[in-house]
Amino acid sequence: QVQLVESGGGLVQTGGSLRLSCAASGRTFSIYGLGWFRQAPGKEREFVARIRWNTGRTYYANSVKGRFTISRVNGLNTVYLQLNSLKPEDTAVYYCAADEGQVLVLWTSWGQGTQVTVSS
């Protein structure tokens, strides 16, 4: 089993920045990548960004492309999500997830979430 711990959330004004971290432990040999999702009050959880270990390729939701950046800490099972130019609609609980799909993406483990609040 993979354990994920997120950190770095907080309160920021519109246009501000935050950096979220996600550290994986446990059966990390089974991970092919990590990703971020978010869930705003009254809405479904949605994909934000992900990164694959073997290729280093990154993928983003259209709503965050150009503003958010996912990156891996060299050689570690830790990723950052840099959030820039934040908007009130980015307010949500952000969750880290482990991708254990060898070919297709397969989200198997989730962190406890970290709150991001953007004030207008």
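The model is a predicted one. Strand S5, residues 46–52, pairs with strand S4 and with strand S6. Cys-22 and Cys-96 are joined by a disulfide.

**Strand S5**
- Of the seven residues of S5, five are buried, so this strand is largely enclosed by the rest of the structure.

**Pairing with S4**
- Strand S4, residues 33–39, runs antiparallel to S5, and the two are paired over six bridges.
- Within this pairing, Leu-34 lies opposite Ile-51 of S5.
- Six residues separate the strands in the hairpin of S4 and S5, where Gly-42 has a positive phi near 80 degrees.

**Pairing with S6**
- Strand S6, residues 58–60, is also antiparallel to S5, with three bridges between them.
- Arg-50 is placed opposite Tyr-59 of S6.
- The hairpin of S5 and S6 has five residues between the strands, and Gly-56 in its turn takes a positive phi of about 75 degrees.

**The disulfide**
- The count of disulfides is one.
- The sulfur atoms of Cys-22 and Cys-96 are 2.0 Å apart.
- This pair links distant parts of the chain: Cys-22 belongs to strand S3 (residues 18–26) and Cys-96 to strand S9 (residues 92–99), 74 residues apart.
- The link of Cys-22 and Cys-96 is left-handed, with -80 degrees about the S-S bond.
- Cys-22 counts as buried because its relative accessible area is 1%, under the 20% cut-off.
- Cys-96 is buried as well, with a relative accessibility of 0%.

Terms used. Residues numbered from 1 in each chain as written. Predicted model: local features only at pLDDT ≥ 70, side-chain atom pairs only at ≥ 80, totals over all residues. Heavy atoms only, no water. Buried < 20%, exposed > 50% of the residue type's maximum accessible area, 1.4 Å probe, protein only. Helix = DSSP H or I, 4+ residues; strand = E, 2+ residues; numbered from the N terminus. Pairing = 2+ DSSP bridges. Disulfide = S-S within 2.5 Å.
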